[in-house]
Each structure stands twice: as structure tokens, then as C-alpha cells.
Amino acid sequence: MIYVFDGSLPGLLTAVFEWFERKPGFVSLKSMEIFQPEAFTEVMVIDTNAEKADRVWAGLQKKIKKTWLRNFYCSYLSEIPEAYQHLFQFTIYIFQNPVGAETNYGNEHVMALSKYAKSVEREKHRMEAFIRFQKTGDGMFYASIDPDFNVLPLINNHFKNRYADQQWIIYDLKRKYGLHYDLNTVEEIIIDFTTEANKKNPPTILMDEKEELYSLLWKDYFKSANIVARKNTKLHVKHVPKRYWKYLTEKQLG
Amino acid sequence: MSFDRIREKLNILADAAKYDVSCSSSGGTRKNNNKGLGDSHSSGICHTYTEDGRCVSLLKILLTNHCIYDCLFCVSRKSNDVKRAAFTVDEVVELTMNFYRRNYIEGLFLSSGIFKNADFTMERLLLVCKKLRLEQNYNGYIHLKTIPGASDELIKEAGLYADRMSINLEMPTEAGLKLLAPEKSHADVIKPLDFVQKNIAQFSADKKLIKHVPKFVPAGQSTQMVIGATPESDKDIMYTANTFYKNFSLKRVYYSGYVPISDDTRMPVLGTQPPLLRENRLYQTDWLMRFYGFKVQEILNDANPNLDIDIDPKLSWAIRNMQHFPVDINKADYKMILRIPGIGVMSAQKIVQARKFGKLRIDQLKKMGVAYNRAKHFITCVDTPYQIKDYQGTQIKAFILAESQSKYLKTDSNQLILF
């Protein structure tokens, strides 16, 4: 049996609800995006229903600790197809067992969620670390990213609390949406990049006059802080994998 | 302020500050309630890493590298022929604010050479902190050096604005320090460390009784020792560290492998490789003391005054104490599980939680993140294969060394293998 859902979190939770209505045994859960019909397997398309999803979520809140609700949400944000399957089976496992079952690390779904959550949290932390704002001429601090997982919802609060006195935009180029903080609230935005050139960075003309100075000072600082006698490239790359270098002011030439 | 001059100053004063290895930004509790700039991240954030693999979390600079002292181990010593520079208070404030706004840093690490006298220097450092906190509404991290010899009033006031304060022991023993810096003594360091510690304790006691007590050095104190400049044993170093952790509730002791910067005959010659592996082993020992429940005397004692270089101290302890092993994963208490080589804090916690649901198997341990190839010599679980032989510690060491490649052994030995 295959359940096909729309890829949303309420969709996934609705699928759990439907499973308990019917108890059809093992079900594999696929998102619409990657679903390929198979010849001899029955398919049911899940009709996302907010009410059913809320009931499942409320049930989860009663059964598992807060940190595990977070693990659950993070695993969902990983957008990994296998993660959906584990989330689905994890939820069923939780409802079929007494409170506290989420600490059973011997269970494959518990362990899987714990791993997905770890990866997503790591990516979130990396974004908090590696995002570099550039100040534009109109006083906006801008950064674009393309993280491995959909971490914008997770980093929202961090940046809102920290940069409360400056306007900023963080834009996810891969998922084509961003966050804009206007000194009061954070809102999701979609920018229409008309030219390919604008995609990476706003043109220098649009930058604040001091932007170049500070990025230069930062690059200088990065060089000065290094102790040549201790050079350890392997460790350096382990901490800052090459795919993140494009974000980092200090890793740009010049 | 000209572009070039500020660049030159930053280069000189960042370069002089880099031998202070602490760059931690953890333990800050400051919240952005004044709609200002900055909000602490309790575990800290490393914003980048230098090419030597060290974390860059803070803008680490000296206010000035002019200094009245002549300590042999220090690049800024009076007699050293280096370019000198000094920031103004406003320059430091502006740099910090602008770096922070761009998410380059978690905060400021401010140290200084001693110019004129201790109080004059401490006053300038305090002024930077006050400007950041009071004028700029800055809630980011501040790590401030306590200047030994500064007056109690200044140190106490600084503690109200800084998140962490530190003073370096520099050499692990008094004798070592006297050799290289005759003007200094450990007592100069102990006095202010103790003064700040007593104030931290006082403020936290007040907090239990009074609702609004200002923060006082919320991220605690730390210190640093230079390793390998003088001939102390690992035992000397770690016993000193242990005493300071105990007496002054330090958050961290840092061990800094000496990078030769002087041609004085009392020190390792220029061009000597810094003792990176030794430094690594000392940090491992430090972790075992702080997070794994080991007493320093178990790891280092008169019979074993130095740490093994080829294996880590936890494995080394296990091999010397085979009477405790094998440990039954499904029965042993948490403290004992933590002592098994190949099992860390996270997997130990997972094990004790998971075994409530049923006895654990090898494949489950592997999934939990246990380094099984290492741990297998020291544990039993449900499906551990029956073993007739009872291996000696030295044999186990040979097995583990044979299948692991130390990250430090970059060139294979050219020794011929006979058997």
C-alpha cells in the first residue's frame, strides 16, 4: 500500500490519521513530487485536512517531550524522501506505545529522526555562523543562502532577536523565498530576480560606502588571526566545508 | 581616520592577540531586551575558522601592544623589535559594532599590553565596555582581560559589563614563570582571579534573595598556560589546571602549544614545531576530568607522569586498568559506561535510555554512534561473540593501533616489518 501526500507537514500528519482509521498494515509514504505509480501496489492519495492534522499534532504533543517535537519538525524540514517514511512510522510507533517511547534509541525510527534532526540542526547552526550580511545603500543588511535543508523557519528567531535594530533580508536562493525584518516583524518575501547577475550579490554600486572597508578589514583580520606554524588545512576544511566558502567574505579573493 | 592606518593597526593588534587561544563565546546570557544590537547564544557560535583550524568567534585584539614588561614568551615584550600601535576607544567600539552587524563575530575579546601602569590600562578597557553597553545598546559577547595589579574597584566595575574575564597563568609552574618572566608571579594572577570569583559568588547569592541583580561576569573566568616552552611534565600541567578549576570555579583552562617567537637560549629554538599532539592530549585529559568523571590522579600520577602520545588518555587508562573490563552494556551504570573507550557522552546517554526497552545488540550500538571497533575490546552485549582468549592490555593496544590511523602520523614509518 502506498500513501501519496502533498509534501506538507499537515499532509504528513493527515496520512497518520488516515492510517489509524484503516490500519492497513505496512504503508509506504511518498510525496507527490517523487511518486511513481507501481503496477501491483494499491495507492491512496491523502487529502490534506487541517482538522485531522491538528488532532494528530495535539496527540503527539501529549505523548512526546518538547525536544522530540522539535526533532520531529527538524526531520520534516530535511525534505529527505526517506525522512517522511520514518516520520510516518515514528508517529504510529509513538501512538501504539506508552509515554516515553521516544527514548528507545534501539528503535530504527527513533534513531533515524534523531539523526535527521542532528543534521538539520547542524545546518541551522552553520547558517547562524556563516551568513554574512552586506549593507546596501539604503541601510538594508542583505544575505543570500542555499542551505542543504529548509532551515529558514528555524533561524528566524535567532536573527530577529539578535539584529533587532537593523533591517535585514535573508534569502534562500534554492527554495526561492526569504525573510525580511522591518524593525518590527519578520515576513516571508519572494524576490523576482530579473537578471542572473543580481542573483549572487547586489551590485557594488548599491552598497553602503563603508561596506568595502569593513569587508576588507574582516579579510585582514582573518589573515592576521592565523598562526602559520600551526597550519592544518584538513581541520580547517572539516570545520568550514568548501560548499560554504561562497558565503564567507573572508574566503573571497582580493 | 584613514583607510590604510586603520588597516595597519588592525593587522598589528590582531596579530599580537592571536596567541591567546581562547575564542569561546559560550555562557553568555545577555538578552536583547532594549531593542539594541546583539543577543547571546548560550553555546556560542564559531563564525569562521582560521587556516590552522582554530575557531574565530570573537574579534580578538589588543588595545595596544606597547608594554612595560619584558616577558620572554610574549611577542609584545618590551625588548622585541616589532611595530607598535594603539587603538582609540572609539575605533574599537566602531569595529566591534560593524563586524557584529554583518554577522562576522559573536563579540569582542579585548586584551592589552600594559602601558603606563595597570590601572591606566584597565581604565581604557573598561571605557570600551561601557561605551558598547551604555551608548551603543550592544548585547553581544565581551571577553575582557583582567589586568593583574589593577585596583579592585576597576575590576569590579568591568565585571558588570563583561561576559567573561580571564587572566593567563602563562607557565604551568611558578618556577617556569620565574625563569622566563622574573617580574611576574602566579600570585599576581591568583589575587584578581580570586577577587572576581568571590564577586561572582556574591552576586549569585544575592540573586536568590533579590529579584533584580545586575549580571556579573555571567560566563565565568578562564585562564591559559603555555605548553612546551619550559620543561614541565604533563602531570605538573594538569595538576595545576585541576587546582585552578577547583579553587576558582574556572570555566576553562586553555593549553597553548608554544610557537617559537624568540631566539633566547632559555626557550625552544625558532622553527621548532609547536607541540600540537601533546596539546591535543592535554585537552583530552581536560575533557575527561570535566565531562567523564575521571580524577586527574587516575590519568596522571608518579608512575605515569606523561600522557601517551600514540593513544588517547581514555584508552590509555582502560588498558592500565583491565580489571574493570569487559563492561556489560546492558547492566553497568552510566558512570562506568562513560569510561569505555569508543563511547562518548551522547552514546552513553542513549545506551542507558534505550536499554530500558530491551537488551541492546551490536548493530544498535553502532547506529547510536559507538566507535565499535574500539569499544568491542571492553564491552559485552547480548550478541557479543564468545571469546576464549583473555587478551592483555598491551595486545588490545596493538589491535587498536593496527586498525586505526592517527591523524598526526602524516608520514608512514619506514621501518621494515619482519614478522
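This tour moves through selected parts of the structure, one selection at a time.

The model is predicted: local features need pLDDT of at least 70, side-chain atom pairs count only at pLDDT 80 or more, and totals for chains, interfaces and linings use all residues. Residues are numbered from 1 along each chain as its sequence is written, and chains are lettered from A, with ligands numbered from 1, in the order in which they are written.

**Stop 1: the sheet of chain B**

Select β3 to β8 of chain B, where six strands form an open, parallel sheet in the order β3-β4-β5-β6-β7-β8. Strands are DSSP runs (E, at least two residues), as are helices (H or I, at least four), numbered from the N terminus; two strands pair if DSSP finds at least two bridges between them. The edge strands, each pairing on one side only, are β3 (58–62) and β8 (252–257) of chain B.

Next, select β7 (221–227) of chain B, which six bridges join to β8(B). Val226(B) has Ser256(B) in β8(B) as its bridge partner.

**Stop 2: two helices of chain B**

Select α4 (152–159) and α6 (186–209) of chain B, which pack at about 50° with their axes 11 Å apart. Axes are lines fitted to C-alpha atoms, for helices over the stretch in contact, and angles run from 0 to 180 degrees between N-to-C directions. The angle makes α4(B) oblique to α6(B) (under 35 degrees is roughly parallel, over 145 roughly antiparallel, 65 to 115 roughly perpendicular, the rest oblique).

Finally, show Asp152(B), Ile155(B), Lys156(B) and Gly159(B) of α4(B), which meet Pro192(B), Phe195(B), Val196(B) and Asn199(B) of α6(B); contact requires C-beta atoms, placed from the backbone, within 7 Å.

Note on methods: Two residues are in contact if their C-beta atoms, placed from the backbone, lie within 7 Å.
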